[in-house]
Number of protein chains: 2
Amino acid sequence: MQTFGIGLAGMGNVGAGVFKHLTLNRALLRERLGCELEVKKIAVRDMARDRGVSVPAGLLTTRWEELLDDPAIQIVVELMGQKDESLRLILGAIERGKMVVTGNKALLAEHGQEIFEAATKHKVPVFFEAAVAGGIPIIKAIREAFVGNHIRSIHGIINGTSNYILTRMSESGLGFAEALAEAQAAGYAEADPALDVNGGDAAHKAIILASLAYGFWVPAEKVFVEGIERITSSDISFARKLGYVIKLLGIIKADAGGEIEVRVHPTLIPEKHVLASVNGVFNALAVHGDIVGDTLFYGRGAGQDPTSSSVIADLAEAAAALQSPRSNCGFIPHGLYGTCQPIDQIVSEYYLRLTVEDRPGVIAQIAGVLGALNIGISSIFQPEGEEGETVSLVLVIHKASNAQMASALEQIGALPCVKKAPRMIRVENFA
Amino acid sequence: MQTFGIGLAGMGNVGAGVFKHLTLNRALLRERLGCELEVKKIAVRDMARDRGVSVPAGLLTTRWEELLDDPAIQIVVELMGQKDESLRLILGAIERGKMVVTGNKALLAEHGQEIFEAATKHKVPVFFEAAVAGGIPIIKAIREAFVGNHIRSIHGIINGTSNYILTRMSESGLGFAEALAEAQAAGYAEADPALDVNGGDAAHKAIILASLAYGFWVPAEKVFVEGIERITSSDISFARKLGYVIKLLGIIKADAGGEIEVRVHPTLIPEKHVLASVNGVFNALAVHGDIVGDTLFYGRGAGQDPTSSSVIADLAEAAAALQSPRSNCGFIPHGLYGTCQPIDQIVSEYYLRLTVEDRPGVIAQIAGVLGALNIGISSIFQPEGEEGETVSLVLVIHKASNAQMASALEQIGALPCVKKAPRMIRVENFA
């Protein structure tokens with residue numbers, strides 16, 4: 001039986017999981033693949049660290065460069081999660097004809113074009129299922145299962161930490177800070193949770209998905225990103241009154257003309273929509289293809305085991321590609337789409353929470369601003385039980401461009417009767 | 001650019017969809033595949049029938065045998081939905097080295113072993129994504145995305161017609177016959193809906209999924225199948241009182257020892273479970289892998305467009321395999337699993353609806369029978385508002401084998417206080 005040698009770069013949570021499961025399910029993989037996958041070398045930062053799995057000491061090295069030089073290694077698994085070093089490793093592997101498996105979403109979002117140009121030039125596939133949504137095979141679905149479809153839209157809950165925080169806020173009325181502290185205590189959030197809660201991590205994944213769906217690498221600066229840090233428990237309960245829940249969504253859409261939009265922000269979605277019931281650290285992606293229609297993919301979006309499952313699937317693909325060389329290197333650019341709409345032009349619906357003086361005439365002033373800007377209001381309500389000089393006022397706004405709304409917010413914020421900066425959250429009704 | 005010739009056998013709903021979408025999305029497919037897929041010949045029964053798509057008359061033939069003899073055809077798409085003729089076409093294509101794409105679930109469930117032995121012998125891949133769950137890429141997920149996983153269980157809503165009927169019964173309190181008539185009027189059920197409502201169609205799909213997951217062709221006689229014909233609106237409302245909804249599920253499980261179970265039957269599932277919210281003609285499959293954990297795949301399980309999407313994905317795979325021959329022919333048998341538990345030995349929980357005399361002592365008699373058989377009761381309730389000499393009595397039964405329950409039903413049915421044959425539906429709590 002043929003054996004393929006693996007060089008594992010990075011032995012953190014996911015790397016240790018890959019090693020563990022390759023060992024545990026070795027007999028199964030051998031049967032299904034008809035070959036052996038054998039880890040030949042593991043590059044780590046710290047030789048002494050306990051990783052919870054038993055690794056023969058001879059496999060470890062602190063120099064990832066050794067993976068490139070070792071002729072017994074045909075597949076390099078990049079799980080270092082670095083920028084410069086990871087890029088050097090991946091490009092080095094490609095140049096030497098070694099296949100690459102990576103879960104490095106930040107790197108792909110930034111250097112995807114460079115990496116796949118090199119891959120195509122050297123005819124070396126690069127696999128990256130683990131980079132988006134952990135164990136959910138969304139890359140495979142978009143690239144292969146829906147290959148005949150124009151992807152009309154993808155709506156994804158693609159950051160488990162922020163989904164856990166929003167779920168806890170929704171279930172228990174916690175504030176953002178308390179829910180974040182709980183997520184950290186439960187091990188779901190890093191000591192520095194910035195990338196999870198500010199939408200940055202979800203944006204990396206949205207960039208990869210959009211690039212794959214539309215055949216060009218979407219530049220990060222074209223992607224609008226807003227995090228969940230300013231969502232309050234009031235927003236969540238007001239949204240519920242309106243029949244919505246709040247989720248951090250990656251939203252990717254294309255119109256018939258080939259223009260696309262890519263954005264990440266907290267979003268009110270109808271409580272009946274299937275994404276609304278995706279709770280805790282789970283991820284889910286609703287994909288709409290022009291032929292297949294509505295589909296949904298759900299699973300754990302992070303963590304040692306689910307992410308290992310995707311890395312191992314990619315290793316199996318790499319082994320198949322080593323046995324039978326393929327022309328598809330994992331990303332095929334084309335020119336059928338191309339322009340990425342700036343956020344200003346994107347049309348959406350909106351939830352608006354204002355803090356206003358509690359006196360007659362206030363609603364008329366606000367409605368007047370919106371009316372003058374030709375923005376329709378679909379509902380207004382004033383939550384019960386608030387007392388004091390100021391009260392909340394909640395509006396749901398009909399379709400308007402983000403530019404229109406920015407003007408409206410500026411004018412409304414300047415009204416004397418409006419006492420705090422208006423709070424706006426986008427609404428998605430999947431119409 | 002290389003062109004691959006397709007022979008399409010069958011131009012019904014799905015065949016017409018494949019032809020239509022290959023034409024509409026031709027530019028996209030060309031970019032993504034780097035080759036052309038061109039339909040060279042179409043075998044139909046009736047040359048004159050209007051199929052809603054414009055087909056050059058020269059492509060049509062009434063003899064499917066011509067597809068085998070045409071050297072311009074490298075891929076045969078079998079969508080005739082026949083038994084003998086479809087089998088002869090598929091085996092004939094394999095013998096001639098032509099790749100096969102089929103959506104014929106009944107044929108695969110019955111002749112899968114023979115087909116894939118021939119495919120392996122002749123090194124010709126056979127693709128069958130369209131055979132299970134329409135547009136949902138569940139074959140690809142199990143075979144490729146979860147290749148490193150032991151599949152612990154699959155719970156699938158894999159027949160859209162029966163799901164539509166149960167949904168309508170649940171939403172509107174319709175009886176089975178009325179809901180079926182509605183499904184037929186809406187075009188969701190055939191004039192002869194037997195295979196949809198009796199579980200036969202779902203069983204074909206469950207056999208294919210289980211065979212793929214466990215590496216051997218599961219014999220149909222080992223699969224327990226019960227349909228939804230006897231579900232009443234009372235069952236649905238009593239189940240709801242207990243916090244459950246009723247779905248026709250395909251249930252596939254494996255234990256650590258390698259024994260598997262495959263069954264299709266109406267099932268009470270907790271209303272909070274994500275499968276409970278899969279309504280109408282939609283399909284969904286919850287797959288639990290030992291590494292990836294819980295996942296779910298959702299989409300349209302039938303219909304021209306979603307099924308075409310899967311056929312086209314398989315055509316793309318076939319084209320890739322023609323460019324770069326692969327050793328995996330679509331099904332790799334192995335011996336890690338093997339025994340299929342008979343239904344008698346399978347342990348489950350149960351919902352039991354009895355029609356009993358309305359007098360004291362009845363519950364004691366019934367509980368006595370169950371107690372003597374060592375079967376625990378987890379709840380008993382008598383629905384309100386029933387009047388007359390007999391009333392309903394609903395029990396939920398703890399885990400017991402199907403054999404134990406069969407004895408219990410026989411004894412309970414023979415009690416003088418029990419006036420009709422007991423009605424039993426299995427319960428799945430996903431524990």
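**View 1. B:Ile346 and the residues it touches.** Leaving out residues up to four places away in sequence, B:Ile346 touches B:Glu261, B:Arg263, B:Gln341, B:Ser401 and B:Asn402; touching, or contact, is when the C-beta atoms of two residues, placed from the backbone, lie within 7 Å. This is a predicted model, in which local features need pLDDT of at least 70, side-chain atom pairs count only at pLDDT 80 or more, and totals for chains, interfaces and linings use all residues. Residues are numbered from 1 along each chain as its sequence is written, while chains are lettered from A and ligands numbered from 1 in the order in which they are written. You will find B:Ile346 in the loop between α12 (304-323) and β13 (347-357) of chain B; helices (H or I, at least four residues) and strands (E, at least two) are DSSP runs, numbered from the N terminus. B:Ile346 has 17 other C-beta atoms within 10 Å, so B:Ile346 is partly exposed. For that label, 20 or more other C-beta atoms within 10 Å of a residue's own make it buried, 12 or fewer make it exposed, and anything in between is partly exposed, with C-beta atoms placed from the backbone.

**View 2. A:Trp64 in its loop.** A:Trp64 sits in the loop between β3 (60-61) and α3 (65-69) of chain A. A:Trp64 counts as buried because it has 25 C-beta neighbours inside 10 Å. Its contacts, not counting residues up to four places away in sequence, are A:Ala9, A:Ala43, A:Met80, A:Glu85 and A:Leu89. A:Leu275 lies 211 residues from A:Trp64 along the chain, with 40 Å between the two C-alpha atoms.

**View 3. Helices α13 and α14 of chain A.** Two packed helices are described by the angle between their axes and the distance between the axes. Here helix α13 (residues 362-372) and helix α14 (residues 402-414) of chain A have axes that come within 10 Å and cross at roughly 150 degrees. Axes are lines fitted to C-alpha atoms, for helices over the stretch in contact, and angles run from 0 to 180 degrees between N-to-C directions. α13(A) and α14(A) are therefore roughly antiparallel to each other (under 35 degrees is roughly parallel, over 145 roughly antiparallel, 65 to 115 roughly perpendicular, and the rest oblique). A:Ile366, A:Val369 and A:Leu370 of α13(A) make the contact with A:Ala408, A:Gln411 and A:Ile412 of α14(A). By class, this contact of α13(A) with α14(A) has five nonpolar residues, one polar and no charged; Ala, Val, Leu, Ile, Met, Phe, Trp, Tyr, Cys and Pro count as nonpolar, Asp, Glu, Lys and Arg as charged, and the others, Gly among them, as polar.

**View 4. Helix α6 of chain A beside helix α6 of chain B.** The axes of α6 (residues 138-145) in chain A and α6 (residues 138-145) in chain B come within 11 Å and cross at roughly 125 degrees. That makes α6(A) oblique to α6(B). The contact is made by A:Lys140, A:Glu144 and A:Ala145 of α6(A) and B:Lys140, B:Glu144 and B:Ala145 of α6(B). The residues of this contact of α6(A) with α6(B) are two nonpolar, no polar and four charged.

**View 5. Where chains A and B touch.** Chain A gives 51 residues to the contact and chain B gives 51 residues. On the side of chain A that touches chain B, α12(A) gives the most, with nine residues.
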